[in-house]
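Let us go through this one by question and answer. Have the sequence and the structure open.

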Amino acid sequence: MSIDEPTSQPRKLLLVAACALVDADGRVLIAQRPEGKQLAGMWEFPGGKVEAGETPEETVVRELAEELGIETKTACLAPLTFASHSYEGFNLLMPLFVCRRFWGTPQPLEHQALKWVRPNKLRDYDMPPADAPLIPFLIDLL
Ligand SMILES: Nc1nc2c([nH]c(=O)n2[C@H]2C[C@H](O)[C@@H](COP(=O)(O)OP(=O)(O)OP(=O)(O)O)O2)c(=O)[nH]1
């Protein structure tokens with residue numbers, strides 16, 4: 001095998017934009033993925049796939065409205081870090097934004113449950129493997 005030869009089939013790159021909503025106490029919102037979906041029952045940061053023509057910030061604003069029923073603006077999103085993880089069948093690239101300014105009370109419109117969690121407690125929750133490297137950035141920030 002030459003050094004240039006790929007070791008596996010090329011996989012699709014999936015761009016997902018996610019957001020750590022932060023409350024006045026410095027807690028972060030996590031949401032439990034619905035039954036029947038990939039990674040069901042795991043706790044994730046709200047967000048979703050970036051659709052054609054959208055910026056990642058626009059995706060977050062749209063997903064927060066759809067998933068949680070809250071309103072925010074792209075100017076209220078600050079980039080924090082990103083996840084890059086190989087799942088079976090695709091590579092996930094997921095920018096993580098932080099949002100402290102939003103209108104409304106988050107409701108679990110598409111998730112099983114929501115929880116406000118201190119960043120140093122996030123490791124107590126079963127999160128997708130891509131998310132583990134994000135936690136230290138939230139601990140440092142908050
Ligand atoms: N929103 C979000 N997705 C995450 C996180 N960590 C992580 O690995 N993912 C993965 C799970 C999914 O493969 C993908 C998010 O896609 P999605 O939520 O829009 O789509 P889905 O799997 O619910 O499926 P679909 O029905 O919308 O197609 O990113 C996270 O913290 N937040």
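The questions below cover the ligand shell and the strand pairing of a predicted model.

Trainee: Which element gives the largest share of the shell around the ligand?

Mentor: The shell holds 14 residues, with Glu 44, Gly 47, Gly 48, Pro 128 and Ala 130 the closest. Two elements give two or more residues to it: β1 (12–21) and β4 (47–49). The largest share is three residues, and it comes from β4.

Trainee: In β4, which residue is the bridge partner of Ala 18?

Mentor: Start with the strands. β1 and β4 run antiparallel and are joined by three bridges. In β4, Ala 18 has as its partner Gly 47.

Trainee: In which sense do β1 and β6 pair, parallel or antiparallel?

Mentor: Strand β6 covers residues 90–99. Within β6, Asn 91 stands opposite Leu 13. Eight bridges link β1 and β6, and the sense is parallel.

Trainee: Why is one side of β3 and of β7 left without a neighbour in the sheet?

Mentor: The open sheet has three strands, ordered β3-β2-β7, with antiparallel pairing. β3 (43–44) and β7 (114–117) stand at the edges, so each has a single partner strand.

Trainee: In β3, which residue is the bridge partner of Gln 32?

Mentor: Look at β2, residues 28–32. β2 pairs with β3 in the antiparallel sense, over two bridges. For Gln 32, the partner in β3 is Trp 43.

Methods: Residues numbered from 1 in each chain as written. Predicted model: local features only at pLDDT ≥ 70, side-chain atom pairs only at ≥ 80, totals over all residues. Near = placed C-beta within 6 Å. Helix = DSSP H or I, 4+ residues; strand = E, 2+ residues; numbered from the N terminus. Pairing = 2+ DSSP bridges.
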